[in-house]
Amino acid sequence: MFYASVWDPQFIIYQIITLQSLFYLAFGGVLVILNQAIHHATILEQMLAYRLVQFDSIFGWVIVISYLCSYFVGAVALLFIVERSKKCLDHASTVLIFHLIACSYYDGFPTTWTWWIISIIGMTTMAVVGEYLCMRKEMREIPITTKGFGSTPRKMMIEESEGEVTHPPSLPTFTTKIGEMMAKQEYLKASDDVISIPI
């Protein structure tokens, strides 16, 4: 599941490109479906023109819903592409930053509060849901064995199905070890005293 925790710029760039592509594919796909429902043509402006993100028309709500759905798809994509819960916020922020750059290039820097509210809510949803999904996967893939040493999850399932219960061998406790060491030191000290008695 996990890749090596080393700095790999090429791999990170591939992740960013894949997430950004899935974001726009989901955005465009939901736009097409909703535009067909309201009998409206799908145009590029709906994705990149910040002025169209509004709450006062059905046309604006189509864009808002498409935004939120695309961020949710991005959250699911984090589970399969990033896989690390602590990196979800970084990648979700990167998706928003690149979308901001695209919108600024196409229609100017966004100045409407509706665009910023929807974008921040979407990014937060993507980060939180993605982190939750990744954490569940991380927890599920760490086997914790309570049976005998060397037991694999498959072996544990067989043992449980057959009704066999094995326990790890008893190990000396820390206090017992300390007691043995102290007793040994006392014995050696007593031996030295006996040897040092003059005849």
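Biologist: Which residue takes a positive phi just after α3?

Modeller: Glu-83 does, with a phi of about 70°. Glu-83 sits in the loop between α3 and α4, and the positive value belongs to a residue other than glycine. Please bear in mind that this is a predicted model, in which local features need pLDDT of at least 70, side-chain atom pairs count only at pLDDT 80 or more, and totals for chains, interfaces and linings use all residues. Residues are numbered from 1 along each chain as its sequence is written, and side-chain values use heavy atoms, with hydrogens and water left out.

Biologist: Why does Glu-83 count as buried?

Modeller: Buried means under 20% relative accessible area, exposed means over 50%, and partly exposed lies in between, with a 1.4 Å probe and protein chains only. Glu-83 has 14% relative accessibility, and therefore counts as buried.

Biologist: Where is His-39 found, and why is His-39 called exposed?

Modeller: His-39 is found in the loop between α1 and α2. Its relative accessible area is 76%, which is over 50%, so the term is exposed. His-39 also has a positive phi, of about 60°, although it is not a glycine.

Biologist: What makes a stretch of the chain a helix here, and how many helices does the chain have?

Modeller: A helix is a DSSP run of H or I with at least four residues, a strand is a run of E with at least two, and numbering starts from the N terminus. By that rule the chain has 7 helices and 0 strands. Of its 199 residues, 32% are buried.

Biologist: Why is the end-to-end distance of α5 said to agree with expectation?

Modeller: The expected span is 1.5 Å times one less than the number of residues. For the 28 residues of α5 that gives 40 Å, and because the end C-alpha atoms are 40 Å apart, the two values agree. Helix α1, with 29 residues, reaches 42 Å, close to the 42 Å expected. For α3, 24 residues reach 34 Å, close to the 34 Å expected.

Biologist: How are α1 and α3 placed relative to each other?

Modeller: Helix α1 (residues 9-37) and helix α3 (residues 58-81) pack at an angle of about 145°, with their axes 8 Å apart. Axes are lines fitted to C-alpha atoms, for helices over the stretch in contact, and angles run from 0 to 180 degrees between N-to-C directions. The residues of this contact divide into 18 nonpolar, 6 polar and no charged. Here Ala, Val, Leu, Ile, Met, Phe, Trp, Tyr, Cys and Pro count as nonpolar, Asp, Glu, Lys and Arg as charged, and the others, Gly among them, as polar.

Biologist: Why is Ile-65 called partly exposed?

Modeller: Ile-65, which lies in helix α3, has a relative accessible area of 38%, and this falls between the two limits, so it is partly exposed. Its C-alpha is 8.2 Å from that of Val-30, a residue 35 places apart from it in sequence.

Biologist: Why is Met-126 called buried, and which residues does Met-126 touch?

Modeller: Met-126, in helix α5, has a relative accessible area of 1%, which is under 20%, so it is buried. Contact means heavy atoms within 4.5 Å. Leaving out residues up to four places away in sequence, Met-126 touches Tyr-71, Gly-74, Ala-75, Leu-78, Ala-92 and Val-95. The C-alpha atoms of Met-126 and Leu-78 are separated by 8.4 Å, although the two residues are 48 apart along the chain. The buried residues of α5 pack against α3 and α4.

Biologist: What makes the approach of Thr-114 to Val-53 a polar contact?

Modeller: A polar contact is a pair of N or O atoms within 3.5 Å; within protein, one must be able to donate a hydrogen and the other to accept it, and residues adjacent in sequence count only if both atoms are side-chain atoms. A polar side-chain atom of Thr-114 lies 2.7 Å from the backbone oxygen of Val-53, so the distance falls within that limit. Thr-114 is found in helix α5 (residues 113-140), and at a relative accessible area of 9% it is buried. Beyond its neighbours within four places in sequence, Thr-114 is in contact with Val-53 and Phe-55.
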